[in-house]
Amino acid sequence: MNDKRTIDPATEEMLEIAEAAGISTAFSRAAAMKPCPIGDKGACCKICSMGPCRLVKEGQRGVCGATKETVAARNFARMIAAGAAAHSDHGRDMALTLLAVAEGEAPDYEIRDEKKLLEVAHLLGIETKGLETLEIAKSVAETALAQFGQQKGELLYVGRAPKKRRKIWHDLGIAPRGIDREVVDIMHRTHAGNDQWYDSILMAGLRTALADGWSGSMLSTDITDILFGSPVPLAAKVNMGMLSEDEVNIVVHGHEPTLSEMIVVAVNDPEMIDYAKSKGAKGINLTGICCTANETIMRQGVPTIGNFLSQELTIATGAIELMIVDIQCIMQALVPMAEQFHTHLVTTSPKAYIEGAEHIEFNEHHALEIAKQIVKRGIDNYPNRKKTHIPNVTNDLVAGFSHEYINYALGGYFRGSLRPLNDAVMSGRLRGVAGVVGCNNARTCHDAAHDYITRELIKNDVLVLMTGCGAIACAKFGLLSPEAAKYAGPGLREICETIGIPPVLHVGSCVDNARILTTLSQMATEGGLGEDISDIPGVGFAPEWMSEKAISIASYFVASGVYTIMGSDSPVSNSPIVDRFISADWEERVGGKLEFIADPEEAVAKALKHIDEKRKALGLVEYDPNRFGQSDDWQMDLVMSLPPEEVNLYSYAEMAAKAGKG
Ligand code: BF8
């Protein structure tokens, strides 16, 4: 669909500069190294030393006799387990931080959202009467931590799913028992000589994914909100133009807000700012990359300068004094890139060292002290800055749509409710809803599929919720600002203009996909759209996915009843039986299905068809793009009739003259 390597002008500009200087990037390395044609189809088994076995011929079996179905299913299930482990371990660390705060061992943090603390305590079945805030926090942290080690029964947050959905999970035996237990179950099950039926391997995979979505990630989001505040919409900026020419540029990259929130405090410390000035800078400019950026933009308005595939190229600006990383999605290539410039790279997590980077271990007990020590590294590096090239590219967005805020926006403070959202879908003002999430992938044009799919969805009156690098991608093209309502279909546009929201809502980081589950669950129980998530006219997309976390997310969406489309060819295509199993068979059992569709146009067509079929099954009116948008607002009607590129060209007087109102 797109021969370019990126549609982001800042990334394009920096890519040209890097290539002119002969610097290797993910883009050039992807071009130089084709993906393994055996591994990319799930045909390679390397779980024992008799292999690796490559099952490329019809009817071929591995040395142990494993079929291509077993091999493809094992590979896929292990991707789910790795993704679930990453998300959930992040959740565990959030719970440990909450415990440290409750026990007075993390003095630099506090409980910022007491209301959410009480809600979460209630959801976890904790009696709060007569307890002080920190006592409740301790109980919440301990109960959350116990969910990781729970051995039997089912996880408490399973109770947050609609009743019908829970019954499906119980009947199929896939209600998750314990977060760690489900990850270990997959690793054991897929060891050589164990579970050798693709069906049971993949159903266990769904149970593990559910442990991630409905517990590990959901607890992570909840506890993050308790500690750092539930996001509310705020105006912010995105892309590399937010780097500063005359301040110390410090970048936070990774995932855990425990670190980045403390860096925010450190860079605003007057002592630190004075220190920066003593080195010749005008101040300190903090920006973010990847999901740490999503966390800090939605709570603090810290600008985002890039997503996964532009991380290396931000360093090529020559303007970054310090890049601080914690966990996940951090390219090892940052080290050789930083060596070409003056950027100092600091790793901070005991789980994520990178050879060649300085390691300053972060812990919540001495958080601010360590954060200042790290920030000082950046300030000390400012005098080493040489020639810079900062692309003059920025865009505006509104970030911070927690599910609580979506409730509030639609129903008000006292009657926060998704009723208006359900009504809009029922009346056909909205055709449906979609979650568009996930990464960038060097095998496909950077940001292009996110942009295309999201534009097509909103044009067709589908409200889009976004997280992760996808949200950053669409923010770069203005789709996360209220002005983007002009790209929306007439029904969605009216809603956006009435409430003042963008047609694409930024709901957070990848862990925050749990917010989408919560919203869907609430829509299902609100009434009018069936009784289960699988009844809702909705779809999920991960158009440019690359990480194992994305496979876990997609699988928990499917297990929750959502038709989910991932970009790229199928990683299990070596077995048409397994390919069919994760689509048709999963749909028959759990109501959601997973398809890998590399062509974004085909993906959108299938998604809209699915939404229309769900509308029909619910007995809703057929979607008609001409039914809405005929308000008496002449300005709106006129703007609607203009091509998008002309919308901002006219003054009020010119508009009035055009409409005969002058
Ligand atoms: O967790 S979207 S590239 S940054 S995996 Fe990573 Fe993918 Fe970005 Fe966040 Ni999610």
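View 1. A polar side-chain atom of His 255 lies 2.7 Å from an oxygen atom of the ligand, and a polar side-chain atom of Lys 549 lies 2.8 Å from an oxygen atom of the ligand. The model is predicted, so that local features need pLDDT of at least 70 and side-chain atom pairs count only at pLDDT 80 or more, while totals for chains, interfaces and linings use all residues. Residues are numbered from 1 along each chain as its sequence is written, and side-chain values use heavy atoms, with hydrogens and water left out.

**View 2. The shell around the ligand.** The residues around the ligand (those with a heavy atom within 4 Å of it) are His 255, Cys 290, Cys 291, Phe 308, Cys 329, Gly 438, Cys 439, Cys 469, Cys 510, Met 546, Ser 547 and Lys 549. By class, this shell has eight nonpolar, three polar and one charged residues, where Ala, Val, Leu, Ile, Met, Phe, Trp, Tyr, Cys and Pro count as nonpolar, Asp, Glu, Lys and Arg as charged, and the others, Gly among them, as polar. Domain 2 (240-384) and domain 3 (416-627) each contribute at least three residues to the shell, with bounds that come from an automatic or database domain assignment.

**View 3. The interface of domain 2 and domain 3.** The C-alpha centres of domain 2 and domain 3 lie 33 Å apart, and the contact (heavy atoms within 4.5 Å) takes 16 residues from domain 2 and 19 residues from domain 3. Between them the two domains bury about 1,300 Å², 66% of it on carbon and sulfur atoms, the buried area being the accessible area (1.4 Å probe) that two parts lose on being put together, summed over both. Asn 294, Asn 307 and Leu 309 supply 41% of the area that domain 2 buries against domain 3, more than any other three residues.

**View 4. A salt bridge between Arg 165 and Asp 532.** The side chains of Arg 165 and Asp 532 meet in a salt bridge at 2.7 Å, N to O, a term that requires a side-chain nitrogen of Lys or Arg within 4 Å of a carboxyl oxygen of Asp or Glu. This pair links distant parts of the chain, 367 residues apart, with Arg 165 in helix α6 (residues 163-172) and Asp 532 in the loop between α20 (513-526) and β14 (538-542); helices (H or I, at least four residues) and strands (E, at least two) are DSSP runs, numbered from the N terminus. The structure holds 51 salt bridges, whereas the count between domain 2 and domain 3 is zero.

Definitions and conventions:
Polar contact = N/O pair within 3.5 Å; in protein donor to acceptor, adjacent residues only side chain to side chain.
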